[in-house]
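Hi,

Here is the structure I promised to pass on. Have a look at it first, then read my notes below.

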Amino acid sequence: MKKTAILIYDQFCNFEIAPALEMLAMAEKPITIFAKTLSRIRSEDGLTIIPEKSIDELNLNEYDSLLLPGALLRTMQFWTSSKNSRVCPLAQSLLPRCFY
């Protein structure tokens, strides 16, 4: 079974992904939490998470879906930052696989 990749970044919105994580767990769908680096990430509500993989470590052939949490202003800053330029190609490569 292919996995779901879950992107986290500084100040991501934890409560937005919690229901999706529960549904994935109930379906026994494997997940990988990743970020730009393997450094600790703190959500907007203060939860600290250590990613399992960095974006450079992901093998796209292992995934069939991508979960992207939001966080209001932080989300826009994340997506528009040139430092995060590897995330958009990742999302673009997975999107065609999500729509059949």
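The side chains of S65 and T4 are joined by a polar contact of 2.6 Å. (A polar contact is a pair of N or O atoms within 3.5 Å; within protein, one must be able to donate a hydrogen and the other to accept it, and residues adjacent in sequence count only if both atoms are side-chain atoms.) S65 also makes a side-chain polar contact with D64, at 3.2 Å.

Before you go on: this is a predicted model, where local features need pLDDT of at least 70 and side-chain atom pairs count only at pLDDT 80 or more, while totals for chains, interfaces and linings use all residues. Residues are numbered from 1 along each chain as its sequence is written, and side-chain values use heavy atoms, with hydrogens and water left out.

S65 sits in strand β6, residues 63–67 (helices, H or I, at least four residues, and strands, E, at least two, are DSSP runs numbered from the N terminus). With a relative accessible area of 18%, S65 is buried (under 20%; exposed is over 50% and partly exposed in between, using a 1.4 Å probe and protein chains only).

Now for helix α1. Its buried residues pack against β1 (3–7), β2 (31–35) and β6. N14, I17 and L24 are buried there. I17 has 4% relative accessibility, so it counts as buried. Setting aside neighbours within four places in sequence, I17 is in contact (heavy atoms within 4.5 Å) with I6, F12, L67 and P69. The C-alpha atoms of I17 and L68 are 8.1 Å apart, though 51 residues separate them along the chain. Just after α1, E28 has a positive phi of about 55°.

Cheers
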